[in-house]
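Good morning, and thank you for coming.

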Amino acid sequence: ASTVRSIAAFRSSHHHNPMSPSPQSTAFSYASASVAAAALLAAGAAGAGLAVVLQRTLLKYKPPKVWRPAQLSGKFGGINSHTAGPRSEAQLPKGIRALQLHSMATPNGVKVTALLEELVIRYGKVAEYDAYSVSILKGEQFTAGFVAANPNSKIPALLHYKDGLSKPPIRVFESAAILVHLCEHFDTDNAFLPAIGDPLRAECLSWIFWVQGSAPYLGGGFGHFFAYAPTKQQYPIDRFAMEIKRQLDVLERHLSGAEGSASSGGPYLCGEKYTAADICAFPWYGGLFAGIYPGAPEFLALEEYPSVAKWVKLVGERKAMKRGKMVNKFWGPEEEQLPERHGVDDFEKLEGEKKSA
């Protein structure tokens, strides 16, 4: 009887006009979740089989004919919106370098800072850059200045003052586009992006864009539902876990040599040559091995991918990757943070502070 009453209460709250702007209009409010939980607990006492049936029934969502926005819960719910454009008139800071990066040390941000640090190590001052932090949790990607740099309001965004600071800059947004732009303008030795005509160039670009098409399933798919969603739901977690394990198997077969292509067998994605493809892939897949989503390494059984683990260790030991992970980082241990970066000396100062601490 208590189970029936709980079900009735839940269905009443859950199906209350989802398009209404009232607090009850969210598709799955915390109040509804509490009632549903009570129903499921009661069903659990009656038997596991009944609990499964009730869970599938209670959590079924019937989309309306026309979707209307509702306030989302969860870590990123407050910053998401169905519209684009600026939400404030704030402008971006401006340094003295031709390259001005506005970003955050998420995996997409680290792609760019890791390549920039490789370029600075190899080519020196010509590739130096200013880097300013953008806090996506504070909504700083929605300022007028940032939206002018990236109309999609996603980090990273690069302004390249190719003709001088007094002239309009070239804006480059989307991490892979920034990687290619930087290589085309600064990688004169084709150390990180093979030259046009080199067969390895197509392989390198293919892996870069493989990451761009695959990583959203890792971050926005698996990572979101496994680590950030306000409620744990089996279907999306199973769906994206399956896809991420498939992606890891793609990498494992390629890096182990099982795939059999000319560039397979590692140690890098393009064979013996370390390229922008490795830089693009490492922050997401290396981050997964490092535990950016707590519990995920065990959940996904990452020990099943030894060649990927070897690649992760190899790339992660590079000086430029270690530095790139620090740039635009403003959380975690202080010795790993460099919220703003204006020159290679910033790392030396930070390393000096570590020694004196």
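Is Met 242 buried or exposed? Met 242 counts as exposed, because its relative accessibility is 63%; buried means under 20% relative accessible area, exposed over 50%, and partly exposed in between, with a 1.4 Å probe and protein chains only. Met 242 lies in helix α8; helices (H or I, at least four residues) and strands (E, at least two) are DSSP runs, numbered from the N terminus. Between the C-alpha atoms of Met 242 and Phe 222, which are 20 residues apart in sequence, there are 9.2 Å.

Two remarks on the source are needed. This is a predicted model, in which local features need pLDDT of at least 70 and side-chain atom pairs count only at pLDDT 80 or more, while totals for chains, interfaces and linings use all residues. Residues are numbered from 1 along each chain as its sequence is written, and side-chain values use heavy atoms, with hydrogens and water left out.

I turn now to helix α11, residues 306-316. Its buried residues are Ser 307, Val 308, Trp 311, Val 312 and Val 315. In general, an α-helix has 3.6 residues a turn, so residues three or four places apart point the same way. The face of α11 turned away from the buried side carries the exposed residues Pro 306, Lys 310 and Lys 313. The cover over the buried residues includes α8 (234-256), α9 (276-290) and α12 (319-324), where contact means heavy atoms within 4.5 Å.

Leaving aside residues up to four places away in sequence, Leu 288 touches several residues, including Leu 218, Ile 244, Leu 248 and Tyr 293.

Ala 277 counts as buried, because its relative accessibility is 0%. Beyond residues up to four places away in sequence, Ala 277 touches Cys 204, Trp 207, Ile 208 and Leu 269. The C-alpha atoms of Ala 277 and Leu 193 are separated by 8.3 Å, although these residues are 84 apart along the chain.

Finally, consider some details of the backbone. Most residues other than glycine have a negative phi, and most peptide bonds are trans. A cis peptide bond, with omega about 0°, joins Ile 155 and Pro 156; Pro 156 lies in the loop between α5 (144-149) and β3 (157-160). Gly 266 and Pro 267 are also linked by a cis bond, with omega near 5°, and Pro 267 is in the loop between α8 and α9. Asn 190, in the loop between α6 and α7, has a positive phi near 55° and is partly exposed, with a relative accessible area of 28%. Asn 328 has a positive phi of about 65°, but Asn 328 is buried, with a relative accessible area of 0%.
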